[in-house]
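Look at the sequence and structure first, then read the points below.

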Amino acid sequence: YVVHLDSSPSYSADMAGVETDATHPESMATEEEPLISNLDLFLFTLIAGIVIYWFMSRKKPEPIPEFKKLDTLTATSTRETSFVEKMKKTGKNIIVFYGSQTGTAEEFANRLSKDAQRYGMKGMAADPEEYDMAELSRLSEIENSLAIFCMATYGEGDPTDNAQDFYDWLQENGEEDLSGVNFTVFGLGNKTYEHYNAMGAYVDKRLEELGAKRIFDLGMGDDDANLEDDFVSWREQFWPAVCEHFGVEALGDDSSIRQYELKEHTDLNMNKVYSGEIGRIKSFENQKPPFDAKNPFLATVTVNRKLNKAGGRHLMHLELDITGSKIRYESGDHVAVFPTNDTALVIKLGQILGVDLDSVISLNNLDEESNKKHPFPCPTSYRTALTHYLDITHPPRTNVLYELAQYASDPKDQENMRKMASSSPEGKALYQSWVLDACRNILAILEDLPSLRPPIDHLCELLPRLQARYYSIASSSKIHPNSIHICAVVVEYETKTGRVHNGVATTWLKNKTVVDNGHKSTVPMFIRKSQFRLPFKATNPVIMVGPGTGIAPFVGFIQERGWLKEQGKEVGETVMFFGCRHENEDFIYQEELEEAKKKEALTGLHVAFSRDQEEKVYVQHLLRNHKEDIWRLVHSQNAHIYICGDAKNMAKDVQTAFYEIAEELGGLTRTQATDYIKKLMTKGRYSQDVWS
């Protein structure tokens with residue numbers, strides 16, 4: 001309204017001026033005119049038009065907010081966010097929430113919800129991201145209800161992406177009353193990392209603080225040892241405790257329970273069949289931003305070169321073109337890629353099971369109310385499912401062996417498979433040696449147990465999803481805004497059975513030649529933001545420790561510091577500690593590092609060649625050799641320390657070296673030195689991007 005009211009006086013003022021000029025006596029004297037001149041008519045029409053327009057336009061904006069309101073109402077009402085209502089509607093009393101980054105916690109949640117059925121209860125697995133977690137307090141409305149949380153810890157003690165909102169909710173809602181809510185937590189972590197099982201422990205502690213009742217002890221799985229073993233042992237004790245708590249007889253039905261039913265398609269339009277897309281069908285042909293885990297961008301490979309000059313390994317540098325994608329990244333972020341399985345393995349699986357891999361099928365959830373309609377995008381062919389969607393190279397978990405045992409015609413094979421899935425010491429030892437230590441994937445198991453020939457649809461139901469792989473980005477967007485660089489080493493080794501194991505993603509990337517049979521190679525990818533960031537102030541010194549492919553994010557860091565220098569910014573010291581086996585074999589990015597040193601983008605370059613002399617030299621030894629410089633930068637100049645690479649040995653040895661430097665040059669005790677480094681971590685001045 002204001003606009004029209006403000007503008008109308010200006011119109012009338014202008015009109016008054018025109019009318020005065022038109023009726024001036026001088027003009028009347030010169031020429032006699034009719035009573036109503038053409039100009040008067042024009043002005044009258046104009047004024048009338050303006051007044052009508054004003055009244056009409058006043059009323060127009062009114063309905064707009066109403067339409068907006070209606071739109072939002074319909075949007076929210078169609079999205080079912082109440083898990084309590086869903087449980088009531090479907091007669092379920094157990095809900096298993098999962099915080100999962102690589103799919104394992106989701107897998108465990110599905111197994112627990114299936115278990116519930118075996119004990120005469122009804123369970124459902126749920127992604128906390130899809131539901132309103134503030135409903136948790138209402139769970140007590142359902143008799144004998146229980147919330148189970150399978151929570152993985154990601155990065156430096158962080159929640160997984162899909163559990164971030166739930167974590168925030170737990171932190172922010174101190175007044176929440178969860179009394180009457182029964183819960184238990186199983187955490188998935190890795191002892192190699194500093195914050196072992198931090199997320200599982202936090203959820204367990206926080207739920208109790210908010211009044212919920214823990215009905216079984218926190219379980220902790222260690223992926224550095226045997227996560228499957230930890231889970232099975234916890235689960236074996238958990239269910240009897242649940243049955244006792246609810247006064248239910250612990251029957252434990254041993255029969256196999258199918259979650260999905262097979263539908264074979266014979267005359268389906270191929271435009272409606274998934275061919276490897278992660279989310280929307282035909283999304284690879286018709287790309288639409290924004291790009292993320294459910295809608296990856298198909299980036300073209302523009303460079304794929306071998307980095308090492310010699311030696312038995314293959315270290316590689318790839319460049320992915322993201323022009324036109326609107327994808328933005330920062331140095332230190334991760335690029336996730338969706339690999340595909342080796343075609344030869346897929347063909348062998350089809351042959352051994354005697355199936356037509358090009359049959360088009362759907363696996364439909366028997367629970368029609370479930371949010372998860374299919375285990376992977378359907379309809380699709382067996383070939384596509386085994387190539388794009390299912391993990392066929394990892395050793396299968398015990399539940400897969402247990403479910404498949406019924407299809408072994410040899411009673412001895414059946415017995416051994418069931419034994420490996422049990423919690424008996426003998427069974428655990430057999431699973432450890434025959435499956436894990438021998439690195440037997442599903443194909444190797446089928447080859448070594450000729451009596452085992454399961455239906456392929458049940459096998460596809462049981463195999464876990466093939467996950468995206470994450471790599472530290474080896475470039476800076478300041479220099480390469482339309483290109484993302486990857487540095488990786490191809491995984492290849494011989495197993496105890498004499499088979500050669502090739503890493504799924506690295507072998508697939510290695511074969512992504514720039515032009516393949518006249519076609520440009522592409523990689524489905526998205527960006528995962530990271531906390532691994534250069535200091536906000538460019539004047540802060542930077543100490544980087546990254547042996548082997550751990551150099552990846554530092555290539556980007558060095559590029560960025562060099563760019564800042566070129567912009568005329570004052571940049572603090574930039575020091576790199578790199579390590580490899582031999583100077584003449586695998587000193588990767590040697591030219592780039594030496595060039596950066598020449599341009600003073602890198603003020604210090606220290607390289608440990610571990611096997612070029614009798615006694616092995618690693619990056620931690622070089623840190624001790626330069627302890628005075630390091631202590632000066634850290635203690636007096638607020639340097640930021642960055643570690644990237646192997647978590648199991650290198651990261652720990654490097655951390656110990658920093659403790660020792662703080663002890664010796666800071667005059668601290670070991671406890672004080674440990675606290676000193678821990679405080680740097682808390683302040684974001686000691687960051688790690690490590691893997692095991």
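Five strands form an open sheet in the order E23-E22-E21-E24-E25, with parallel pairing. Strands (E, at least two residues) and helices (H or I, at least four residues) are DSSP runs, numbered from the N terminus, and two strands pair if DSSP finds at least two bridges between them. The model is predicted: local features need pLDDT of at least 70, side-chain atom pairs count only at pLDDT 80 or more, and totals for chains, interfaces and linings use all residues. Residues are numbered from 1 along each chain as its sequence is written, and side-chain values use heavy atoms, without hydrogens and water.

- Strand E23 (604-609) and strand E25 (686-691) are the edge strands, each pairing on one side only.
- On average, neighbouring strands are turned by 10° against each other, direction ignored.
- Strand E21 (residues 542-545) pairs with strand E22 (residues 574-580) in the parallel sense over 4 bridges.
- Met576 in E22 is the bridge partner of Met544.

**The helices**
- Helix H23 (residues 650-666) lies across E21, strand E24 (640-646) and E25, and runs at about 150° to E24. Axes are lines fitted to C-alpha atoms, for helices over the stretch in contact (heavy atoms within 4.5 Å), and angles run from 0 to 180 degrees between N-to-C directions.
- The axes of helix H22 (residues 627-637) and H23 come within 10 Å and cross at roughly 85°.
- H22 is therefore roughly perpendicular to H23 (65 to 115 degrees).
- Lys627, Glu628, Ile630 and Trp631 in H22 meet H23 residues including Phe658, Ile661 and Leu665.

How values were computed
Angles under 35 degrees count as roughly parallel, over 145 as roughly antiparallel, 65 to 115 as roughly perpendicular and the rest as oblique.
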